[in-house]
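Please examine the two-chain model shown below.

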Amino acid sequence: MKWKRTIYSLFTLSVIFLLLATPVYARIKLVALPERGKTIIRLDNPQATLIEEERVLTLQKGLNKVDFSWKDVSIDVDSIRLSVLTHPDKVILLNVSYPPNEAALVWEINSEDAFEVTVRISYLLSFIDRLITYKGLVDMEETRMNLKSFLVLRNFSGEDFESASVLLDEGQSFEKSISHGETKQLLFLNKAEVPIEKRWTFDARKLPWDPEKLETNVGIPVTYRIKNVKETGLGSSVLSEGKVRVFQEDGQKSTIFLGEDFTKLIPVGEKMEIYIGDSRDIVVTQRKMREERINVRYKRKNRIVLYDTDEMIKASIENFKEKPAMLTMIQHIPGQWDMEECNMDYKRVDAYTLEFEIALPAHSKRELTMHYHRRNVR
Amino acid sequence: MRHKLIFFATIAVLLGHSLALAKVDLVILPKRDTVQLTIYNSADLTLVRESRALTLKKGLNRLQFSWANTLIDPTSLEMLPKMYGDRIDIQDLAFPPRVRNLGLWHVQSQISGNVPVEITYLTSGLSWRAFYMGTLSKDEKTMHLKGYVRVTNKSGEDYENAQVRMIVGKINLIDQIADLARRQYPYGRPGPPPVVPRVKLDRVAVRAEAKRELERAEKIMMAKPKEIRKEGLSEYFLYTIEGTETIPHGWSKRLPSFAVEQVPVVNLYKYEEERYGNQVLRFLSFKNDKTHNLGETPVPGGVLKVYRNVVEGAHLSYEGQSRFKYIPVNEDVELNLGTVANVIVKPTLMDYKTDRYLFGNKGNISGWDEIREFEIEIKNTRDLPIKVEIRRNFKTSSWEIKKFGNFGLYEKVDLDTVKFTLNLVAHETRKFRYVLTTHHERRAH
């Protein structure tokens with residue numbers, strides 16, 4: 001079967017020699033189709049794809065008109081640029097004009113002599129882009145990950161590219177052909193033994209306090225943290241945003257799928273946080289054991305103007321797993337407050353947020369007690 | 001209608017580099033040697049791993065893989081050589097234009113001959129669920145607990161002699177596999193991706209299908225029960241069924257997952273007005289641990305139907321059913337069997353008074369106490385001993401309590417809830433009292 005193109009893209013480059021000074025009503029295109037030379041697809045900006053192509057123009061001495069038109073492709077007209085690579089000092093681009101009702105433009109170029117010049121035409125092309133996806137395989141102990149990253153080229157631009165140089169972030173490039181309507185997926189990063197950190201997080205504002213009262217299990221979100229630094233084998237470039245699928249070795253020469261998440265762009269030095277799923281083997285039951293108003297101040301007619309509270313929260317954390325776990329527990333106390341007594345250390349993340357790092361040995365139960373006063377509640 | 005799936009792999013030796021080259025030069029149909037299904041129950045998702053032997057030529061090989069009428073997520077497709085990994089380079093996986101459900105691997109090989117490869121992908125349409133049958137002994141002290149799993153295949157593909165594994169766990173998914181499988185382009189198009197509407201099944205048809213499935217499942221009840229191997233991985237549990245199974249598209253299969261002869265159970269009755277109203281609920285309570293002949297693995301959530309041996313000769317009475325959630329190892333289980341009339345809990349307000357008034361400057365009331373005396377009567381009309389848990393909520397956090405009589409075990413649950421736990425013998429009636437003082441307005445501070 002012969003490769004057939006259903007959607008045409010037509011780049012015509014025409015050089016019109018300006019022989020007559022009088023204007024004509026119908027545009028006469030003297031079409032010469034110079035071969036498209038080196039083509040670069042620049043995908044370093046996720047917002048837009050820049051195409052750079054080189055062509056050889058045969059210029060006459062004096063004024064030349066170069067006609068550039070396209071069909072069934074979506075080019076941002078204002079993004080089209082022409083730069084002259086050879087004889088730049090002898091060739092001057094005078095102006096650019098847009099013919100009515102046409103996907104085209106005309107460059108007016110003045111040349112000091114008659115010669116062939118290499119030009120680079122660049123423009124932003126729509127419906128061609130790239131995605132990044134990740135596939136991680138963690139070991140049974142969940143301490144290391146084999147991290148693969150795939151580049152997915154999607155070309156729905158209307159244009160076929162044969163042997164284009166595809167350019168990514170920070171100078172990574174390769175040669176690839178990609179037709180209109182085609183999607184290509186290729187491996188582009190493969191790092192073995194990347195250290196990971198596994199975390200469980202209970203946020204008292206996001207999760208229900210008393211799982212016993214619910215018909216379904218309360219899952220404690222589980223995440224893997226991967227640092228984009230040299231020490232982990234990464235750290236050479238940013239990790240682009242994309243979908244991350246995580247698998248785990250099962251000890252039977254096979255794998256299981258652990259879950260997936262979408263990561264935002266991770267700059268060098270920052271960490272990627274992948275939420276894989278929920279643990280139902282760590283159970284947090286949180287209850288308010290006391291809430292009383294103290295130090296109440298009244299105005300006329302016994303109206304309360306100001307008071308403090310005396311509050312106590314108990315959270316029991318049970319680890320039903322056979323392995324130890326590190327739970328990050330986030331608690332919130334609104335307004336002005338003092339901690340009267342707390343049986344675990346915490347970090348004050350902001351004025352109203354407390355973060356506890358709670359180590360849970362295998363098959364263990366721990367209890368957090370927070371006794372605090374909220375002050376000057378109106 | 002049964003979908004007929006065409007799964008084929010073709011190898012084409014690439015003679016030139018041009019895209020204009022015909023796609024298929026040489027077609028070989030290597031057999032699927034083994035197939036493994038890892039089925040999830042928290043999401044419509046199955047990981048399929050199949051091994052095939054490919055015949056590669058030196059140089060660039062093109063391998064075509066297509067999956068019409070199935071629910072495979074093309075973005076999950078991966079092929080890995082199991083041998084000669086260093087001499088075989090999988091350059092890319094292309095999804096060519098104008099064809100759907102087709103992927104093309106470009107493989108650069110330094111060897112020629114047979115190469116075993118493993119192809120993995122995620123598919124939708126296979127599911128499993130757990131269900132249980134419990135039979136109580138006549139004295140209701142122990143329960144014979146049987147667990148089953150039912151695997152259903154609606155994936156469009158017939159899986160023959162597949163190793164079947166099941167995952168218990170709640171995974172995070174950002175896209176439904178079925179939606180990915182129905183996309184026109186595997187990764188969508190740049191810009192807003194086209195929305196392919198989901199085909200919704202008619203309700204009556206769904207019910208009819210369910211009935212047919214049930215009939216089929218009954219037919220395929222196993223002659224020889226198979227073992228299920230269980231192990232924990234990350235936050236999940238993996239159940240592997242011994243041997244292989246053949247599950248054609250549209251079929252379900254029921255497989256026994258475990259059976260425990262004697263699980264000691266406690267008949268627990270609960271009363272809590274705010275949660276259950278003025279009625280008593282019956283629970284079967286036990287623990288997923290060694291002392292209850294369990295505790296080897298977590299128990300996946302499901303429905304338990306409870307029967308009771310009534311007389312000798314294996315006659316049964318149906319006691320009720322309970323849908324329960326996932327039970328971790330060593331966790332207490334309370335199975336709700338619904339309301340009962342044969343255990344009665346009756347709280348009665350016996351006395352009410354107010355006291356300790358406070359007055360403000362203008363003589364208005366600014367604080368007071370309310371004192372209520374309750375009598376709780378518990379009647380066990382059954383000819384078995386029972387355990388009763390009574391919770392009382394006070395709607396305020398400023399209170400004191402005094403208890404009289406045989407009130408069992410008392411516990412403060414949270415700032416406005418207390419719990420009394422009592423054990424009653426057969427046909428026992430018990431009464432106890434408590435006096436509750438609640439503080440109001442300025443008395444509360």
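Me: Which conventions apply to the numbering and to the model?
Reply: Residues are numbered from 1 along each chain as its sequence is written, while chains are lettered from A and ligands numbered from 1 in the order in which they are written. This is a predicted model, in which local features need pLDDT of at least 70, side-chain atom pairs count only at pLDDT 80 or more, and totals for chains, interfaces and linings use all residues.

Me: How many strands does chain B have?
Reply: Helices (H or I, at least four residues) and strands (E, at least two) are DSSP runs, numbered from the N terminus. On that basis chain B has three helices, and its strands number 28.

Me: Which residue of β7(B) is the bridge partner of R62(B)?
Reply: Two strands pair if DSSP finds at least two bridges between them. Strand β4 (residues 59–66) of chain B runs antiparallel to strand β7 (residues 102–109) of chain B, and eight bridges join them. Within β7(B), R62(B) is bridged to H106(B).

Me: In the hairpin of β6(B) and β7(B), which residue takes a positive phi?
Reply: Strand β6 (residues 88–95) of chain B pairs with β7(B) in the antiparallel sense over six bridges, and L93(B) has W105(B) as its bridge partner. Six residues lie between the strands of this hairpin, and the one with a positive phi, near 65 degrees, is R98(B).

Me: Which residue of β6(B) is the bridge partner of T183(A)?
Reply: β6(B) also pairs with β13(A), in the antiparallel sense and over three bridges. There, the bridge partner of T183(A) is F95(B).

Me: Which element gives the largest share of the side of chain A that touches chain B?
Reply: Contact means that the C-beta atoms of two residues, placed from the backbone, lie within 7 Å. By this criterion 60 residues of chain A are in contact with 53 residues of chain B. The largest share of the chain A side, nine residues, comes from β19(A).
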